[in-house]
Amino acid sequence: MLGIAASALLFGMMVLTFFDVVGRYLVLIFAGLPLVSHADEHVTMDFIDRILPQRFARAWIRVVHAICAAIMFFLAWQVWIKANRIASYSDTTDVLRITIGPFVYFMALMIGLTGLVHVFKTFVPGAARTNQVTT
């Protein structure tokens, strides 16, 4: 009876850990990345903005968004290649045998969507953030 109880508790902990890891890494990081980019909620360092004139600051922000878009598209392309490789090997998790490929494709799509957000911000600049914390 104790063996069954211990097995049930261990299985419950394993399931809880699985959903914790999947939720944390896929939902919060990759699904949240386009949202954070769209809302301009990244950690920022405004020491360059303070020394540039306002007209150059706007151009600088557009250039940075274009660079971020290029980097995101490159990363999405590389992650997509990795997803193809993982899917071709039919890789699965060790214990539950869940296919990994669809998760990696999801990650590539979210990175690509983040690149699109930065392209949008390159050509359609938003209002300046007013909730910045200055030190």
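A pocket is an open set of grid points, each a place where a 1.4 Å probe fits, with protein on both sides within 12 Å along at least five of seven lines.

**Figure 1. Lining of the second largest pocket in the predicted model.** The volume of this second largest pocket is about 260 Å³. Its lining comprises Met14, Thr17, Phe18, Val21, Val22, Tyr25, Leu26, Thr93, Ile98, Ile100, Phe103 and Met107. Two or more lining residues are given by each of helix H1 (2-38) and helix H4 (101-123). H1 supplies the largest share, seven residues. By class, ten residues of the lining are nonpolar and two are polar, with no charged residue present.

**Figure 2. Packing of helix H1 against helix H4.** The axes of H1 and H4 lie 7 Å apart and form an angle of about 15°. Because angles under 35 degrees count as roughly parallel, H1 is described as roughly parallel to H4. The two helices, H1 and H4, cross in a left-handed sense. On the H1 side, the contact is formed by Val22, Leu26, Phe30, Ala31, Leu33, Pro34, Ser37 and His38. These residues meet Phe103, Phe106, Met107, Met110, Ile111, Leu113, Thr114, Val117, His118 and Lys121 of H4. The contact of H1 with H4 contains 13 nonpolar, four polar and one charged residues. Val22 and Leu26 of H1 take part in this contact and also line the second largest pocket. Phe103 and Met107 likewise belong to the pocket lining and, within H4, to the contact with H1.

**Figure 3. Packing of helix H3 against helix H4.** Helix H3 spans residues 54-89 and packs on H4 at an angle of about 165°, with 8 Å between the axes. Since angles over 145 degrees count as roughly antiparallel, H3 is assigned as roughly antiparallel to H4. The crossing of H3 and H4 is left-handed. Residues of this H3 contact with H4 comprise 21 nonpolar, eight polar and two charged.

Figure 4. With residues up to four places away in sequence left out, His38 touches Val117 and Lys121.

Methods:
Residues numbered from 1 in each chain as written. Predicted model: local features only at pLDDT ≥ 70, side-chain atom pairs only at ≥ 80, totals over all residues. Heavy atoms only, no water. 1 Å grid on protein atoms, 1.4 Å probe; cavity = no way out; pocket = protein on both sides within 12 Å on 5 of 7 lines; lining within 4 Å. Points joined across faces, edges and corners; volume = space filled by probe spheres on them. Helix = DSSP H or I, 4+ residues; strand = E, 2+ residues; numbered from the N terminus. Nonpolar A, V, L, I, M, F, W, Y, C, P; charged D, E, K, R; others polar. Axes fitted to C-alpha atoms, helices over the stretch in contact; angles between N-to-C directions. Parallel < 35°, antiparallel > 145°, perpendicular 65-115°, else oblique. Left-handed = near helix turned anticlockwise from the far one by under 90°. Contact = heavy atoms within 4.5 Å.
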